[in-house]
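Have the viewer ready and follow along.

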Amino acid sequence: KLLKSLDEHQPLIKTLAKIVNLPSPHFTDHEWNILRSTIRLLPEIDFQLRSLLQEKELTDFSEISLAALKAFGNELEPTDLDKYLDDKIQHILVDEYQDTSYKQEELLKKLTAEWEPGKGRSLFIVGDPKQSIYRFRDAEVGLFLKTQKKGIGHLKLKNLTLESNFRSQERVVTWVNECFQKILPRDDNPNSGAIAFSKSTAVHGRESYEGVVAHPLNPNTDPKFAAKDEAHKVSKLIKIIQNDSPTASIAILVRSRTHLKEIIRELESIHIPFKAEAIYTLTDRPAVIDLLSLMRALLSPLDRIAWLSILRAPWAGMSLSDLHLLSEEYPESSIWELLIDESLIEKLSSTGQQQVKRIVSVLFPTLNALPSNNFRDLLENCWIRLGGPACLEETPPRDIESFFDEVETIMQKGEINKVEHFNQVIENLYASPLTLDENAVQVMTMHKAKGLEFDYVILPGLGKRPRPESKQLVFWMPYGDELLLAPIEEKGGMHSPIYNFLAEMDKEKDDHEMLRLLYVAATRARKQLHLFGKTKKNNIPESNSLLESLWPFIKKVWNNSESSESQQEDKQMAIVSETIFLKRIPAGFTPPSPFLDIDTEIMVEIDEEKNISPFLWAGNAARCLGNVLHRILQTIAEEGLNEWGIERIDQMVPKIKSALLGEGLPFDQNEKILQQILLGIRNTLQDPKGQWILANHEESRAEYPLTQFSENRFFRKIIDRTFIENDIRWIIDYKTSRHEGMDLKEFLNNEVVRYKPQLDNYATLLREYGEIRPIKKALYFPMHKVWREI
């Protein structure tokens, strides 16, 4: 009867279980020896770290906090700074106090140590303990509870509770109240990090649509394809939202960056603009990985993995059979020795022989130039001649530049050892966002979303388990006014009861913070919250997953919601997913020859490049053509179509030649580009759509310059042609590129996809300048008499 009655007292059962697992209150001799040795080692480690930071002229937040505390001295020997600030500071406001660390609390105590009541001074502290999510930065939510109850030092604080929610619609607030009241702890506990839930009251009214929508994935989906399935569903949802609410803000929030890879690939593949700052590292870019392999190969002739990687990279594209034939017979030889063995190369396929011949011709002079004082230029030159710029795919050129700049920085500092472990260096460098679209989908971690809000919030990957934490050398944990310590257990030896007990206490704190992290993510939504996740085949969530945390409240709704696609659709997706298309440059590829040097006797004026070339080395002739043709179309629009007949075009020939030379076009290409410009002018003047574009309209502008301020920088934008007709604002961009291939339609469609973000940005900029009319956007191709509305 007693055991049965305990079923109604789950907290008591958990407490009894902890008592059973209590360790001995004493260390063993072995544990004392390890702890004593480790503690003796810590000051030496601290000294070495400080020396290294000074040598590199670097610091970190911990060092800044400790230096601030040291600057105040102590109670017996206060410093001049302590006295100065005591006279100077009258009021202190501390925001986000729920994420305060012990060092920060001590600093606040020192700042207010001499404050006396009735002197007109004030201490104002703001925070929400339900949003304390930064334990990994030494934040201790228990300090909030302690301060709330006891104050700071001798200062007592008056508690004010804020309950109104000014962000979310009523349905979202109601769901959050009902859900987290059930899954968060009932009582506060500063030692375990438990924070009791407190309800909020919605200020905004109830909308007609649901506040929270569950999207359960098919539990039977093969784990290999579950992430792809989820990414597909997320992108489908985003399209629906954007069609219904084009100006709505959308955010995808995840617990870990690793949960985003498939989603980002999906967004890129279907051209949904997104911002993913501090998500992609450089090592996530395929072209950067290939470049890293090239660097490793040049520096380490015996690094077979690096050498085989560059032979398989898109700029070489050797088949697996050729690579196997090349390397299997001589496992001890370097790949470079095998590449220059003509008798061995003759055994390869004809294509493989051609590929090896081209690669050797590029690598031979590069290897002979090593070691080099200018390794960055040597590496970049080798990469370009191999065809690297033609293999960028989804890697922005600025990320490649970041790679080379980091190589140059390391070389200038003489840190050669870092080059050998360069992959670890660039893992800490984040790739550039792929879009500047103002209303792009925001992609970030839940921690990054703290303090932000969005109309629609999508939480994918709720069913995934976090990565296990690695063991600490010394486990230490504040507990009340005490400090608990335990040394790491011997690898392969007996388990340490004390270490495991502290680990369990730490896990309990992590579990409470995980619930608070989920609360932070859910409360970012203004209009609607979407939950995505996959259970196991028995419809039970993975242990330690966010979905498991939600399960006590969401189980019934989750199981009643419409699941993912049928097994048949999953199989179809699996078949599609297994199809991999390898993109390779031709075996006989050679980079375009560089243009002749500009004639230095001619004074030239270089304008900003308006078009983004698909390859790093291309663009000079196209740039010259585009700049001159744009200026001529501007002149026609400003002077009027009546002024431009056949005779006027013929009179322009000498001026066009001079303008091309002024742009820096080599003389031997002048006639060819001249004829293309004349073709573009005649096409535009003969085409009814071209005549309409250049005709006089209301508020018409040609080469209309605007300035945009974004991210603390000024950007100069130029709209080729804009005007108003029938109360509609038109934005038209000339594309002077010429396509000579077979599939013109595909080329035009690709151009539309490529330049849509640019025209969307123009539209956003005009809105910022006060345009309230409907805006339409289009591309016009003078070389083909083609119009494409976007």
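## A salt bridge near the end of the numbering

Glu699 pairs with Arg773 in a salt bridge, with 3.8 Å between the closest N and O atoms. (A salt bridge here is a side-chain nitrogen of Lys or Arg within 4 Å of a carboxyl oxygen of Asp or Glu.) Glu699 belongs to strand β13 (residues 698–710), while Arg773 sits in the loop between α29 (744–768) and β16 (775–781), so the pair links distant parts of the chain, 74 residues apart. Helices (H or I, at least four residues) and strands (E, at least two) are DSSP runs, numbered from the N terminus. Glu699 itself is partly exposed, at a relative accessible area of 37%; buried means under 20%, exposed over 50%, and partly exposed in between (1.4 Å probe, protein chains only).

A word on the source: this is a predicted model, where local features need pLDDT of at least 70 and side-chain atom pairs count only at pLDDT 80 or more, while totals for chains, interfaces and linings use all residues. Residues are numbered from 1 along each chain as its sequence is written, and side-chain values use heavy atoms, with hydrogens and water left out.

## Other salt bridges

How many salt bridges does the structure hold? The count is 41. One of them joins the side chains of Asp99 and Lys450 at 3.2 Å, N to O. Asp99 is in the loop between β1 (91–94) and α6 (102–111) and Lys450 is in the loop between β8 (441–445) and β9 (454–459), so this bridge ties together parts 351 residues apart in sequence. Are these two residues buried or exposed? Both Asp99 and Lys450 are buried.

Glu105 and Lys146 also meet through their side chains in a salt bridge, 3.6 Å from N to O. Here Glu105 comes from helix α6 and Lys146 from helix α7 (residues 141–150), 41 residues apart. Glu105 counts as buried at 4% relative accessibility, whereas Lys146 is partly exposed at 30%. There is a network too: salt bridges with shared partners join Arg376, Asp377, Glu380, Glu401, Asp405 and Glu408.

## Ring pairs

Now for the rings: the structure holds 17 aromatic pairs. Rings of Phe, Tyr and Trp (its six-membered ring) pair if their centres lie within 6.5 Å; planes under 30 degrees apart count as stacked, over 60 as edge-to-face and the rest as tilted. Trp336 and Phe364 make a tilted pair, 6.3 Å centre to centre with 35° between the planes. Trp336 lies in helix α14 (residues 335–339) and Phe364 in helix α16 (residues 350–368), 28 residues apart. Trp336 is buried at 14% relative accessible area, while Phe364 is partly exposed at 43%.

Trp383 and Phe404 pair edge-to-face, at 5.7 Å centre to centre and 65° between the planes. Trp383 is in helix α17 (residues 375–386) and Phe404 in helix α18 (residues 397–413), so the pair ties together parts 21 residues apart in sequence. Both of these residues, Trp383 and Phe404, are buried. Elsewhere, ring pairs link Trp175, Phe180, Phe197, Tyr519 and Phe553 into a cluster.

## Charges over rings

The charged end of Lys689 sits over the ring of Trp692, 4.9 Å from its centre. The charged end of Arg701 does likewise with Tyr704, 5.6 Å from the ring centre. (The test is NZ of Lys or CZ of Arg within 6 Å of the ring centre and within 35 degrees of the ring normal.)
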